[in-house]
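Biologist: I am new to this structure. Please walk me through how to read it.

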Amino acid sequence: MRAKISYAVTAAVLVVYFVLVGSRGVLLIQAGTPLTVTFGVAVLILPVIGVWFLWKNTEFVRNANRLAAELDAQGGLPVDELKRLPSGRIDRDSADEVFARRRAETEDAPDDWRSWFRLAVAYHDARDTARARKAMQRAIALRKAAP
């Protein structure tokens, strides 16, 4: 729940920022000189890219949450079996061990979105965010393609 609130607050702040930057771009365009129009268009491009990026990330999160809910309903969510350090952080060797099992599971069933979802969680636990995102994108694509 805390992550959802943080995401919502961050998204709201970004939207306010995009509106403020966009309004400055419009003001620059309204000034009417070639230089200010050029800068105004350049300034308007930034919020457009930002809105697109925010939309794609929000769509990704919603799709991942849908998969998590579906997998939970099937009883297939990965169990947190990771050992923790006294500080509460995940023990690296434990994360590597779970990751190896998840990778083998995915290699055995490369077209199963569930195994890709669990692999994404294992990547995340191993602090490999880029690969976790790619694995989750694969899980989402496989689920969308499934009947």
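Biologist: Is Glu-81 buried, partly exposed or exposed?

Modeller: Residues here are numbered from 1 along each chain as its sequence is written, and side-chain values use heavy atoms, leaving out hydrogens and water. This is a predicted model, where local features need pLDDT of at least 70, side-chain atom pairs count only at pLDDT 80 or more, and totals for chains, interfaces and linings use all residues. Now the terms: buried means under 20% relative accessible area, exposed means over 50%, and partly exposed lies in between (1.4 Å probe, protein chains only). Glu-81 has a relative accessible area of 38%, so it is partly exposed.

Biologist: Which residue meets Glu-81 in a salt bridge?

Modeller: Start with the general idea. Side chains of opposite charge can pair when their charged atoms come close. The cut-off for a salt bridge is a side-chain nitrogen of Lys or Arg within 4 Å of a carboxyl oxygen of Asp or Glu. Here the partner of Glu-81 is Arg-102, at 3.6 Å from N to O. Glu-81 sits in the loop between H2 and H3, and Arg-102 in helix H3, so the pair ties together parts that are 21 residues apart in sequence. Arg-102 counts as buried, at 13% relative accessibility.

Biologist: What counts as a helix?

Modeller: Helices are DSSP runs (H or I, at least four residues), and strands are too (E, at least two); both are numbered from the N terminus.

Biologist: Which residues are linked with Glu-81 and Arg-102 in a network of salt bridges?

Modeller: The network also takes in Arg-101, Glu-105 and Arg-118. The whole structure holds 11 salt bridges.

Biologist: Where do Lys-56 and Glu-59 lie?

Modeller: Both are in helix H2, three residues apart, about one turn of the helix. Lys-56 is partly exposed at 37% relative accessibility. Glu-59 is partly exposed at 24%.

Biologist: What meets Arg-114 in a salt bridge?

Modeller: Asp-112 does, at 2.9 Å from N to O. Arg-114 is partly exposed at 27% relative accessibility. Asp-112 is partly exposed too, with a relative accessible area of 22%.

Biologist: Which residues of the largest nonpolar core touch the most other members?

Modeller: In soluble globular proteins, nonpolar side chains tend to be buried together. A nonpolar core is a set of buried Ala, Val, Leu, Ile, Met, Phe, Trp, Tyr and Cys residues joined through side-chain atoms within 4.5 Å. The largest one here has 18 residues, and those touching the most other members are Leu-67, Trp-113, Trp-116, Phe-117, Tyr-123, Met-136 and Ala-139. Helices H2 (34–73), H4 (113–125) and H5 (129–145) each give two or more residues to this core. H4 gives the most, with seven.

Biologist: What is Phe-117 in contact with, beyond its neighbours within four places in sequence?

Modeller: Contact means heavy atoms within 4.5 Å. By that rule, Phe-117 meets Ala-64, Leu-67, Ala-68, Leu-71, Leu-77, Pro-78, Met-136 and Ala-139.

Biologist: What do the buried residues of H4 pack against?

Modeller: They pack against H2, helix H3 (92–108) and H5. Among the buried residues of H4 are Trp-116, Phe-117 and Arg-118.

Biologist: What follows H4?

Modeller: Arg-127 does, and its phi is positive, near 65 degrees.

Biologist: Is Pro-34 buried or exposed?

Modeller: Pro-34 is exposed, with a relative accessible area of 68%. Pro-34 is found in helix H2. The C-alpha atoms of Pro-34 and Asp-93 are separated by 60 Å.
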